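Dear colleague,

Please find the structure below, together with its sequence. My notes on the side chains follow.

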Amino acid sequence: MTETRTEQQRPELPAAWNPAEVEAGLYERWVDRGYFTADVNSDKPPFTIVLPPPNVTGSLHMGHALNHSIMDALTRRRRMQGYEVLWLPGMDHAGIATQNAVERDLANQGLSRHDLGREKFVQRVWEWKEEYGGKILDQMKRLGDGVDWSRERFTMDEGLSRAVQTIFKRMFDDGLIYRAERIINWCPRCQTALSDVEVDHSEDNGELVSIRYGSADRSIVVATTRAETMLGDTAVAVHPDDERYAHLIGEEVEVPLTGRRVPIVADTHVDPKFGTGAVKVTPAHDPNDFEIGQRHNLPNLTIMDGRGVITAHGPFEGLDRFEARPAVVAALREQGRIVAEKRPYVHSVGHCSRCDTVIEPRLSLQWWVKVEGIAAKASAAVRDGRTKIHPAELSKRYFDWTDNLHDWCISRQLWWGHRIPVWYGPNGEVVCVGPDDAEPTGEGWTQDEDVLDTWFSSGLWPFSTLGWPDETEDLKKFYPTTVLSTGYDILFFWVVRMMMFGLYAMGDVQPFDHVYLHGLIRDAQGKKMSKTRGNGIDPLDWMDSYGADATRFTLLRGANPGSDMAVAEEWAAGARNFTTKLWNASKFAFANGATVERPLPPREDLTAADRWILDLLDQLVSDVDNQFEAFQFAKACEALYSFTWDEFCDWYLEIAKVQIAEGLVESTQSVLGHVLEVLYRLLHPVTPFITETLWTTLTGGESLVVASWPSPSGATRDPEAAVKIEGLKKLATEIRRFRSEQGLKPGQKVAGKVRGACCVDMLDQVASVRTMTKLTEPGEEFNVSATLEVGLPKGTVKVELDTSGAIDVVAERKRLTKDLAVAEKDLAQCEGKLNNPAFTDKAPADVVEKIRARKVAAEAEIERINARIAALPES
């Protein structure tokens, strides 16, 4: 804080907090002043986060909003703590998603990409990207993301393309990238290989058909959900320890409809408890079968093309796979080969995440990364603590991936993306070209048609965005990055790959020191949000209705490491109420002269309430600090909420009113100003817009973005003050409850006496208690009609009320009589059940115990109501 502002200079706050009128202007001011631009020449310690690059086709959804709120909170706090913060933004070219979007646009014009040709189509995609891409980046500004826009990157910009080509060349030369025929996920509609992350699995209705291969004692029954693939069977497999089939191992059996004889092999992959314990083996069309085929040197028979059309010779040739399936089953049925059929049979089916087409496992010639050695390094970096995963229990899931990783298919049959930098010569030559190498020329030389998987380029993100492969100043200053924040659902697809690439390219230096994994956003019932369920929530709607601060607070208040979180609109409305509460409390404090111009008075000159709230504030600073360090955002927000709403607004402000009325003006104003100023700083990483507005109004300082992060005052705590104020809270709470029981309305004043306060060291709090509980000074006609005793740590306080004339006796008697009837009915129901052996002997013990507890509660309620009726004066 560079300067302060006096009460006389302070501008008046608007009547209400209206986010829509403030947020855009504040954000633009922050950016224009360069607060988010990192200085590579700074002597401050670096704190770096690279934004998980959203798809260029994307828009802000709840998952983004949660993760961006987390990252913004982390970076804002570190900036206030004196770090040189770089939060680097950018976008992913999202190969298949973007290509599909442009192809749909072309289809509306009656064109396909093949009508344009590769070069013109790619140019069309760039034009589309410039016109429609990056919508999410503008939405990030709405949320308040404090990113360094001067360093914005794109996975296909010139620098990152150079990085991709460089690492491909190095890995190719090191034997870590190779070309081979393997089983991959194939989309017949998109006509490309897919990564696992591009495949969505759903429980679909299908069929399970049991088919007899062979005949008589040399027959064997297999079950399959994909009967059409039997046309490509090259074996039947059983478990080597399955005694049922021991006599058949090594024999041959005829595959129906084909006339082809195939071996029966023993393989430990087969589960003898599943189905008949025998499985058909189709190496060219199933990943597990492919592995079995490799182990037993089985031939690979491809029986359908890339469009999912059967190519096997015979009556099924030319049929689509879904046409061939019932045709094959019908033919088998005619031959008496069908042993059993189960319909519907619910099983997991993979669908292309972009077009929802059922994917087809397919043997295909593709480019691969050999992961064994680099995956071991990625595993070691977490095991030895160079990279820490939060929550720690998710490390096991990380190791499950790194310790059991299969080679990674990196080629895609698309036109949009980083083209594989390999050239083929007329005589079988294969040349990999680096970014500084000349491309082969001459007749017969062609470049590989495929592009790289999007995850290949995004796997380089932590260092390619900082200028690698060049030794840039940014790379020296800001690598390794400090924190990666992302959803646990892409732990393998992105996090593991960044770890492998980073350790390979950067000399065994990990790409980040901490990996924070948050959960998924679910609806109020805990169900995953999806378009098909119609239960998705647009964070932009929340920001329109409640403001960015309330949206962020809602999400961060539910952000427990690694845990999914449910959200509902009423929670956002509750967060808006919190910002309103803070606004109104600030307005009251400002109107009553809250100031930071004067230093706090010495502790001995403060009231017990002042010392109590300052001690709580010190504890809050420590708690929030520790919780941020541990990535416990939900706990930090809960502590901030509880202090602001429960302690400061509901109690201290009420006490402050009395203190000011009693003449303790300057000290109370200083405490009010100090508490709010520190509270604004603590809240700023979570709710930046409202706190910026309030803090600059209170202090006249430049901006909270560059203000210092608070630290505990170091003052000695005052436990006696805490005991006294906790006693005040208990006494006020009990009086309020007692008033309600007497039928008094919340705001209705009534004459009352508080006796014994001096004996329990509460005398100086009586005025606050009386104000809070609407007790007026008793007059000469004071007549005790209700008495309450409240036990406090140092003794008992007696409260006497004169309710004569304060309540409508007739109406109160009527209300109590009605309540009594309800309680008596509840008691009768409980006694009826408990006196019935048919219930007590047969009902679960916990149910019987609940009825007994209800009976006791009903008896107590009846006693209370009768006592209240007896105490009512005659009407």
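**Aromatic rings and cysteines**

F628 and W709 are both buried. Please keep in mind that the model is predicted. These two residues form an edge-to-face aromatic pair, with 6.1 Å between the ring centres and 90 degrees between the planes. F628 belongs to helix α19 (residues 608-629), while W709 is in the loop between α22 (688-699) and α23 (719-741), so their contact ties together parts that are 81 residues apart in sequence.

In total, the structure contains 29 aromatic pairs. Another of them joins W128 and Y132, which are tilted at 45 degrees between the planes and lie 5.6 Å apart, centre to centre. Both residues are in helix α5 (residues 118-132), and because they are four residues apart, about one helical turn separates them. W128 is buried, at 13% relative accessible area, whereas Y132 is partly exposed, at 47%.

One aromatic cluster is made up of F168, F172, W367, W408, F456 and F501.

Charged side chains also meet aromatic rings. The charged end of R557 sits over the ring of Y641, at 4.0 Å from its centre. R182 lies over the face of W368, 5.2 Å from the ring centre.

As for the cysteines, there are zero disulfides in the structure. C355 is not in one, and its nearest cysteine sulfur, in C187, is 3.6 Å away, whereas a disulfide requires two sulfur atoms within 2.5 Å. C355 is partly exposed, with 26% relative accessibility. The sulfur of C409 is too far for a bond, because the closest cysteine sulfur, in C187, is 14 Å away. C409 is buried, at 10% relative accessibility.

With kind regards

Methods: Residues numbered from 1 in each chain as written. Predicted model: local features only at pLDDT ≥ 70, side-chain atom pairs only at ≥ 80, totals over all residues. Heavy atoms only, no water. Buried < 20%, exposed > 50% of the residue type's maximum accessible area, 1.4 Å probe, protein only. Phe/Tyr/Trp six-rings, centres within 6.5 Å; stacked < 30°, edge-to-face > 60°. Helix = DSSP H or I, 4+ residues; strand = E, 2+ residues; numbered from the N terminus. Lys NZ or Arg CZ within 6 Å of the ring centre and 35° of its normal.
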